[in-house]
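Biologist: I should like to learn how to read this model. May we begin with the surroundings of a single residue?

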Amino acid sequence: MIQMTDNQVRTSVRHLVEFILRGGDIDNRRGSGKDVEAMQAGARLHRKIQKEMDGSYAAEVILKGTFTVGEVQICLEGRADGIITTLEGVTIDEIKGIYADVNRLEAPVPVHRAQAMCYAYLYASQQGLDKISVRMTYATLETENIRYFYEDFTLEELTTWFEAVINEYGKWMNFLYHHRIRRNQTIVRAEFPFAYRTGQKKLAASVYKTIEAKNRLFVQAPTGIGKTMSVIYPAVKALGEGKGERIFYLTAKTITRTAAEEAFRILQDRGLFFSTITLTAKEKLCPMEKCDCNPEVCPRAKGHFDRVNDAVFDLIGKKERISREDVLEYAEKYQVCPHEFDLDLSDWVDGIICDYNYAFDPNVRLKRDFADGISAEHIFLVDEAHNLVERAREMYSAEIRKEDFLAVMKLVKPYSKKLESKLSRCNRLMLELKRECEDWKLVESVDHLALAIEGALGAIEDFEEETPHFGSQEQLSDLYLGLRHFMNMYVCLDECYRIYTEHCAEGFKLKLFCVNPVNNLEECLKKATATVFFSATLLPIQYYRTLLSDRKEDYTVYLDSPFPEEHRLLAIGRDVTSRYTRRNPDEFRRIADYIRTMVQGKKGNYLAFFPSYRYLNEVLDILECNFPAEIVAQTPGMSENEKEAFLERFSDEREDSLLGLCVMGGIFSEGIDLTGDRLIGVAVVGTGLPQVCTEREILKQYFDETLGEGFAYAYQYPGMNKVLQAAGRVIRTEKDRGVILLLDDRFMREDYQKLFPREWTKYAAVREDGFGEPLSMFWNGDALF
């Protein structure tokens, strides 16, 4: 983690050594490749070791030093696990908890040793010591067995070594310093690139004030207001004034990443010097037929860390706007893994456009930015923030299946009795839970199972070291990564979790279910100096505040729609519903007649959204008989090409009308932009309620207990968000005119209308045989209200 103010750089000892001294291969087969140090799970044992030391041992000693390299001052800081002072001398202690058997370690991990050497240099040089010792303390998490590695150094040896490291680091910091001088000069001159639309200036001012106050902001802003530029521009201005280090534009959808790229490009084309990158998924960058990151299969993996820093320094010095093509070109030139190269490049740019995962997911997030000891000054711009609730629940939940233990246990049986025994214990404990569970069951504690999993993880790491050419490596690796994630989430368990077991189609599972992700997200949000959550459907605001950032001091802004009210007809079908008890041929026919009437009202393109594929197909069967327009329907598992072909049908130059049938909450419910005559009407069938299932019922129970709003938080609010997203596909610019048809009598109820956007104040409550009249009046331009 790097923090730069003027010509002063603040960084951690750990970041310094992990960046400058890394080397070797990418290897997903070995425990070391999965990070030999068990970070979260090792914290308890770490503290225990410190407490057992005698009075000569000082724990958690903060060490700092400032060094000038070129035009830059580097402020280095870290925390030594322990400093031992005796009559014989001083020893720096560095403690690492690992899953593997410590007796298998032949030497300290190089970056661990380098970290201890940095602490030794800082302490010896500041205390005037001619010599100092280093002790690497490794402890196996399951057995708590400890192994020590000792090494003695003179101050002269440490000085020579450290100066080489800090000078190499200084090369990078001087590049960054000069880059930011040039960047900030252009930011001062940068102006908002368009005439402000209604609400845009208020939004931009709110974002700037939030960053200035180092706070968080929730923004409900209607579609078409120009949210992307309105949040990026003030963030860039704040960056130029030293109010932040970098901008993370966080998204859930590819199309919103494209909008952010375009906004930065517009500013860059107008003279802004500002480096950006969009992070791309590994599968889309990997040059191999299969992503198998080990040096025996992939030539890019072999020696990757020996070459990658040269590749990064070359590219960042030549490109301002780093594209996917640039990443692939330079990865080929230097023969490095393009995915890891992509992530490394993100350390050296001003703006990063990426998926939520890179900031929030404990398995994916950029560890140099979000798993470091130093708080960062990042600016988070969280687009389509309504998606973050469910995404965060997934990130911070973990599940294991009994069948996975059993399958791998059988595979390793001929090779390792030790690993078979460890997996067998996990399997037996899962079997005990299975016998106590009829359908699904809440569980109070899984402490005994967690202890057994720690043992299994260590045994897997030992096995991988002993048997590198094991034939079922992929299956073993999948189990290992799943168990690692389970243990990382186990140490996060608090009142926001529920543990449950369940018999399901894939077997018997145990899940650590994160019902409210607010505490986990808070740990990530602390890494940002300011965060802006924005969406066109952040309603009700309190729901999202409860689940994303529940702080009283957070700001909230609600922006009114800039579009004329008379450009929209909101109609509610009061004689139909999607309730399961009313799903019958007569109800499907009435829904079809509503949609037929809407399409006959005016030639154009329309979308209709349904609660499920089954419901969609029931109505499709009826509509296909003498329908006055072409029909195209979404199908399960559509590819990117099929999705693009679907959207290309919605041309504003068609000679006939078109009706697209889609599933609510699916790929066409949000993130598509059909402006003007490309879309003039949307029908939404039902209230979008999620299907009743185990997890929805657990959510309902939890929020009943904590807030007294179980049904709303588990079903109604998530459902209404899908409705608002679907309805938001129509009327996306000031010139658009269109129809929104809500087909469910529940929309007439007060509890649903309280969830409507402010601009939905006037609506036509209609019946099937009376919908044609207000529809005709709307398209004729006659006053309805």
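Biologist: Which residues is threonine 278 in contact with, leaving aside its neighbours within four places in sequence?

Modeller: Contact means heavy atoms within 4.5 Å. By that rule, threonine 278 touches Arg257, Glu261, Ile322, Asp342 and Ile353. This is a predicted model, in which local features need pLDDT of at least 70 and side-chain atom pairs count only at pLDDT 80 or more, while totals for chains, interfaces and linings use all residues. Residues are numbered from 1 along each chain as its sequence is written, and side-chain values use heavy atoms, with hydrogens and water left out.

Biologist: Is threonine 278 buried or exposed?

Modeller: Buried means under 20% relative accessible area, exposed over 50%, and partly exposed in between (1.4 Å probe, protein chains only). Threonine 278 counts as buried because its relative accessibility is 18%.

Biologist: In which strand is the place of threonine 278?

Modeller: Strands are DSSP runs (E, at least two residues) and helices likewise (H or I, at least four), numbered from the N terminus. Threonine 278 belongs to strand S10, residues 276-278.

Biologist: Where is tyrosine 150 found, and is it buried or exposed?

Modeller: Tyrosine 150 lies in strand S7, residues 146-154. Tyrosine 150 counts as exposed because its relative accessibility is 55%.

Biologist: How does one check the span of helix H21?

Modeller: The expected span of a helix is 1.5 Å times one less than its number of residues. Helix H21 (residues 585-600) has 16 residues and should therefore span 22 Å; its end C-alpha atoms are 22 Å apart, which agrees. Among the buried residues of H21 are Phe588, Ile591 and Tyr594.
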